[in-house]
Amino acid sequence: MNPRQYWIGVVSKSHVAIGVAGGFTQLNHGKAGPLERMRPGDGFAFYSPRDAYPDGPLLQAFTAIGRVGQGEIFQAEPADGFRPFRRAVEYLPARDAPIKPLIDNLTFIRSKQHWGAVFRFGFLKVPEEDFARIAAAMGRDFAADFALNGDGSTQGVPEGPP
């Protein structure tokens, strides 16, 4: 069994709200690649540089957190010819967590002076310890929310879309 991995997607808060309401994630303008790297039970969080894309007010906060759901990636129904790829996520109730108080303690941010550069590709894998710090800042109990069963399988992995 592969160990759980932890991911961060970079999306404006207004787009995060759409994903949370629909129980899915969509990344990098609907590309499948980032979603294919994720597995059921993996931890997933959104970082939102802005409130709205492309020119909304600066936010610079983690805005949603959850677990990747069961099932394969899927394409949304066409809307104006756009069929983005999506993946099921069970989002957990959480508060926004500004990134600035966390920067010094997040190991995936190597350049503390140029911390925003790490988010430039819109999707990244982070160490468990960093994800646990983000979860705590968002008001979540990491050990309870992302526990593994004794056999290494995940508990509480949500079902995908019908």
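Predicted model: local features only at pLDDT ≥ 70, side-chain atom pairs only at ≥ 80, totals over all residues.
Residues are numbered from 1 along each chain as its sequence is written, and side-chain values use heavy atoms, with hydrogens and water left out.

The protein chain has 4 helices and 8 strands, taken as DSSP runs (H or I of at least four residues for helices, E of at least two for strands) and numbered from the N terminus. Along the sequence they follow the order β-α-β-α-β-β-β-β-β-β-α-α. Of the 162 residues in the protein chain, 43% are buried; here buried means under 20% relative accessible area, exposed over 50%, and partly exposed in between, with a 1.4 Å probe and protein chains only. The accessible surface of the chain is about 8600 Å², and carbon and sulfur atoms hold 52% of that (Shrake-Rupley method, 1.4 Å probe; for residues, only the protein chains shown count as cover). Among contacts (heavy atoms within 4.5 Å) with a separation of 6 or more, 69% are between residues 24 or more positions apart.

Next come the charged pairs. Side chains of opposite charge can pair when their charged atoms come close. The structure holds 4 salt bridges, each a side-chain nitrogen of Lys or Arg within 4 Å of a carboxyl oxygen of Asp or Glu. One of them joins glutamate 90 to arginine 67, with the closest N and O atoms 2.5 Å apart. Glutamate 90 sits in strand E6 (residues 85-91) and arginine 67 in strand E4 (residues 58-68), so this pair ties together parts that are 23 residues apart in sequence. Glutamate 90 is partly exposed at 28% relative accessible area, whereas arginine 67 is buried at 8%.

Arginine 133 is partly exposed at 35%, but aspartate 130 is buried at 0%. The buried residues of H3 are Asp130, Phe131, Ile134 and Ala135. Viewed down the axis of H3, they fall within an arc of 140 degrees, so they line one face of the helix; the arc is that of the directions from the helix axis to the C-beta atoms. Their cover includes strands E1 (6-10), E3 (43-50), E4 and E8 (123-126), along with helix H4 (142-145). Just after H3, glycine 139 adopts a positive phi of about 85 degrees.

That leaves the rings. Aromatic pairs come to 12, counting rings of Phe, Tyr and Trp (its six-membered ring) with centres within 6.5 Å; planes under 30 degrees apart are stacked, over 60 edge-to-face, and the rest tilted. Tyrosine 6 and phenylalanine 142 make a tilted pair, 5.7 Å centre to centre with 50 degrees between the planes. This pair links strand E1 with helix H4, 136 residues apart. Tyrosine 6 is buried at 3%, and phenylalanine 142 is buried at 17%. Phenylalanine 142 also pairs edge-to-face with phenylalanine 131, at 6.4 Å and 65 degrees. Phenylalanine 131, in helix H3, is buried at 0%. Tyr6, Phe131, Phe142 and Phe146 form one aromatic cluster.
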